[in-house]
Amino acid sequence: MELVIKNLTRQYPDRGSWKAGKQEKKKKAAVDDISLRLQEGVYGLLGENGAGKTTLMRMICGILQPTEGSVTFDGMDVATEEYRAQLGYLPQDFGYYPNFTGYSFLLYMAALKGLSRAQARRRTKELLRLVSLEDVAKKKIKAYSGGMKQRLGIAQALLNDPKLLILDEPTAGLDPKERVRFRELIAGLGKDAVVLLSTHIVGDIEHIADKVLMMKKGRLIYEGKWDAQKGDLEAFYLRQFENAREESEEAWKQ
Amino acid sequence: MNNFGTMYVFELKKILGRKMVWITLLIMLVLCGVTVGGAVLGNYVVDGEVVDSHYHMMQTDRAYERALAGRKVDQTLLAEMSEAYGRLPEGEERYTLTEEYQRYARPYSAVLHLVRQTMGIKMEEAIVWQADEDAFYAGRLAHEEEMWKAEYLTEEEKAFWRKKEEALAKPMIFSYDDGYSVLASAAYPIGLMALLLISISLSGVFPGEHDRRTDQLLLCSRLGKKQLYRAKMLAGISFAAFVSLLFSAVSIGISFAVYGADGYSAPAQLMYQTYPWDFTVGEAVLILYGLLLAAALLTSVFVMMLSGILHHALGTLAVMSGMILLTLFVNIPRQYVLASRLYGYLPCNLLREENAFDAGLVRLFGTFLTVWQATPLCYLLLGIVFWAAGSWLYKRYQVSGR
C-alpha cells in the first residue's frame with residue numbers, strides 16, 4: 001500500500017502582479033514541486049495558514065488538478081474510479097445538506113461511494129455508533145452542533161473503509177474529550193491505511209503521527225519521524241512560523 | 001456497485017426539499033387555474049350596470065353551440081346565420097345588447113366568428129355577408145394564400161399546404177370545442193410558468209453543491225463524477241416532466257370542469273382556420289401539451305448545463321428570466337425568414353399557437369416536417385448536445401479558491 005506523489009505543483013495567477021499592470025502574468029505556487037511516498041501509517045501535516053496544506057490534500061483527493069506532477073495509490077491514478085474507491089476525505093470546510101438527517105446523509109454518501117444498500121445501512125449504523133450520533137441520527141443536520149457536524153464528517157469519510165484517508169483539520173470543533181477519542185481512532189486506522197491529517201494542534205500530531213510533514217510556502221520543509229531527541233516539535237513548528245512571519249514583514253516593507 | 005437508483009432518489013429529494021420550489025409551484029398552480037378558468041369569473045358590465053355574469057354568458061353560448069354541434073358548415077347553416085344576423089337593427093352600435101341579437105343572432109355567433117376568422121374579414125363585413133358555401137371555402141384558401149405570402153413561404157411549401165387544403169373534408173362539421181380552445185390559448189402562459197418554475201428549481205442543482213461546499217465530498221467519491229452527473233440530470237429532467245404534466249393535468253381538469261370536454265373529434269380548422277392539416281381539435285391540443293413537455297425537458301437540460309458554466313444559481317436564473325422576458329417583448333419580423341423561424345423554436349416561444357402551428361416547414365431527407373413534427377427531433381439533438389457539454393464541464397470542475 002503506497003501513495004506516490006511525484007513533483008506535485010499547483011500554480012495560481014498572482015493577482016497582485018496582474019493588478020500592478022505587469023506585462024507578464026506571474027504565477028504563484030500554492031504547492032511547489034512536492035514528492036512523497038507514503039505507506040501505511042499516520043502522517044501529520046503541519047504548516048501555517050496559506051502554506052498549501054489544503055491545496056495538497058485536494059490534489060491528493062483528485063478534486064483539484066495539479067499544474068504539474070502526478071498522484072497514484074498502489075499504481076492507480078488519482079483520476080480513476082478505482083482510486084476514489086480507496087479514498088476517504090474530510091475537508092476542512094465540511095459541507096452537508098441541512099435538511100437531510102444524519103442517517104440519510106450517510107446513506108447518500110454510502111451510495112456515492114458504491115456501497116450496496118445492505119452494506120450502506122450496516123456501515124451507517126456502525127459509524128453513527130462510533131461517532132456517538134446514534135441518538136440524533138434521525139434529526140436534521142441543521143439542528144446539529146458544530147462538534148456533531150464534525151463527527152458526522154468523520155463518519156462519512158470512513159464509510160467505505162478507506163485505504164487512503166485524508167483528514168483536513170479533523171479535530172477542529174471537537175471538545176477535548178472527543179479529540180482524545182478521535183486521536184485514538186485515527187491512530188488505529190493508520191495500522192492498515194495511509195492516513196494524512198493536517199492540523200494546527202501540534203499535540204494531536206505528537207500523539208498519533210508516525211511521521212511529520214511540515215509545509216511552508218508550498219514546499220515541504222520537513223519530512224520524517226519526530227522523536228524526543230530532536231527536541232520539542234511545537235517549539236520547532238513555532239520557529240518556522242515566526243521565521244515565515246518575519247520574512248513576510250520584510251517583503252512587505254520592501 | 002451501481003447505485004444509480006439510490007442517487008437519483010436522493011437528487012430528487014434535494015430538488016424537492018427546497019421550500020422555494022413548493023411555494024413557487026403553489027403560486028404557479030393558482031395562476032394556471034386563473035389562466036384557464038379566469039374568463040368565467042366576474043360580470044359583464046355596461047355603463048356601470050351588470051348585464052350578466054361571465055359564467056352565465058358562457059353557459060348560454062355553450063348551449064347554443066351544443067345545439068349546432070354535429071351540423072355541417074354548409075349552405076344551410078351559413079344561410080341560417082346570415083338570416084339571423086340580418087335581423088339586427090341597422091346602425092346599432094352595441095348590437096349585442098339588442099333583443100334581436102339575443103333572440104336571433106346569438107345562437108349563431110360561433111358560426112359568425114368562424115366565418116370571420118376563416119375568410120379573414122372584419123366583423124361588420126361578416127354581419128352583412130351573404131351566405132355562400134363555395135365562397136366560404138374558397139375564401140379560406142384565399143386567406144391561407146395571403147398568410148403564406150406574409151410568412152414568406154417558398155413555392156414548395158405553398159404547394160405542400162395547397163395539397164393539404166384540398167384533402168380536407170368539406171363541408172366541415174361544426175362542434176362546440178371551448179374546453180379545447182381555452183386549453184390551446186392557455187398553453188403559452190402555462191408553458192411560461194412551467195419554464196420559470198423549472199428554471200427556479202433547477203438553477204441550483206450544480207451550483208448548490210458549491211455553495212454548500214458538498215462538491216468536494218461528491219467529486220472525490222467513487223461514483224461522484226460519472227454516475228452522479230447522470231443521476232442529477234435525470235432527477236432534474238424528471239422534475240421538469242412532472243411540472244409540465246402536473247400543469248397540463250390541472251389545466252385540462254379545470255378546463256373540462258368549467259367548459260366541458262366535448263369537441264375532441266371536431267376538425268382543427270374550427271380552432272386554427274388557416275392551418276389546413278387534417279387533424280382534430282383534441283389532437284391539436286394534445287400536440288400543444290406534448291410540445292410543452294418537450295420544451296420543459298429541453299429547458300431543464302439547458303438550465304442545468306448553464307448552471308455548470310456559470311457556477312451560480314442566481315446568475316443562471318437571471319439569464320433564464322431574461323430570455324423569457326425577451327421573448328415577451330421582442331419579435332423578429334417575418335421577412336428575416338430563418339431568424340424568425342428559429343426564434344419561434346425557442347422553448348419560451350414555441351407554445352404560442354401561431355408558432356406551434358406555423359406554416360413554415362423543415363425539409364428533411366426529401367420530406368417536409370411541420371414545426372410540431374420537427375420540434376421533438378430538434379430538441380432531442382439539442383438536449384444531447386447540452387447534456388454532453390454539461391458532462392464535459394462537470395468532469396473538469398475544480399474545487400479551489402475558498
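Me: How many helices and strands does chain A have?
Reply: This is a predicted model, in which local features need pLDDT of at least 70, side-chain atom pairs count only at pLDDT 80 or more, and totals for chains, interfaces and linings use all residues; side-chain values use heavy atoms, with hydrogens and water left out. Residues are numbered from 1 along each chain as its sequence is written, while chains are lettered from A and ligands numbered from 1 in the order in which they are written. Helices (H or I, at least four residues) and strands (E, at least two) are DSSP runs, numbered from the N terminus. Chain A has 9 helices and 10 strands.

Me: What percentage of the residues of chain A count as buried?
Reply: A residue is buried under 20% relative accessible area, exposed over 50%, and partly exposed in between (1.4 Å probe, protein chains only). Chain A has 254 residues, and the buried share of them is 51%.

Me: What share of the accessible surface of chain A belongs to carbon and sulfur atoms?
Reply: Accessible areas come from the Shrake-Rupley method with a 1.4 Å probe, and for residues only the protein chains shown count as cover. For chain A the total is about 12200 Å². The part on carbon and sulfur atoms is 47%.

Me: Which strands of chain A stand at the edges of the open sheet of 4 strands?
Reply: Two strands pair if DSSP finds at least two bridges between them. The sheet has antiparallel pairing and the order β2-β1-β4-β5 in chain A. Two of these strands have a single partner strand each, so one side of each is left without a neighbour in the sheet. They are β2 (27-38) and β5 (76-77).

Me: Which residue in β2(A) is the bridge partner of A:L8?
Reply: Strand β1 of chain A covers residues 3-13 and pairs with β2(A) in the antiparallel sense over 8 bridges. Across from A:L8, the partner in β2(A) is A:I34.

Me: In chain B, which residue in the turn between β1(B) and β2(B) has a positive phi?
Reply: Strands β1 (residues 43-46) and β2 (residues 49-53) of chain B pair in the antiparallel sense over 4 bridges, and B:V46 stands opposite B:E49. The two strands form a hairpin with 2 residues between them. The residue in the turn with a phi of about 50° is B:D47.

Me: Is A:R123 buried or exposed?
Reply: A salt bridge is a side-chain nitrogen of Lys or Arg within 4 Å of a carboxyl oxygen of Asp or Glu, and A:R123 forms one with A:E126 (2.8 Å, N to O). Both lie in helix α5 (residues 117-130) of chain A, 3 residues apart, about one turn of the helix. A:E126, at 29% relative accessible area, is partly exposed. A:R123 has 12% relative accessibility and therefore counts as buried.

Me: How many residues apart are B:E209 and B:K14?
Reply: The side chains of B:E209 and B:K14 meet in a salt bridge (2.7 Å, N to O). The pair links distant parts of the chain, with B:E209 in helix α11 (residues 207-212) and B:K14 in helix α1 (residues 4-16) of chain B. Both are buried, and both belong to a network of salt bridges that also includes B:E11, B:R212 and B:K232.

Me: Which three residues supply more of the area that chain B buries against chain A than any other three?
Reply: Buried area is the accessible area (1.4 Å probe) that two parts lose on being put together, summed over both. For chain B and chain A this is about 2800 Å², 59% of it on carbon and sulfur atoms. The three supply 25% of the area from chain B: B:L217, B:C220 and B:R222.

Me: Which residue of chain B forms a salt bridge with A:E81?
Reply: Between chain B and chain A the count is 2 salt bridges. In the one with A:E81, the closest N and O atoms are 3.4 Å apart, and the partner is B:R222.
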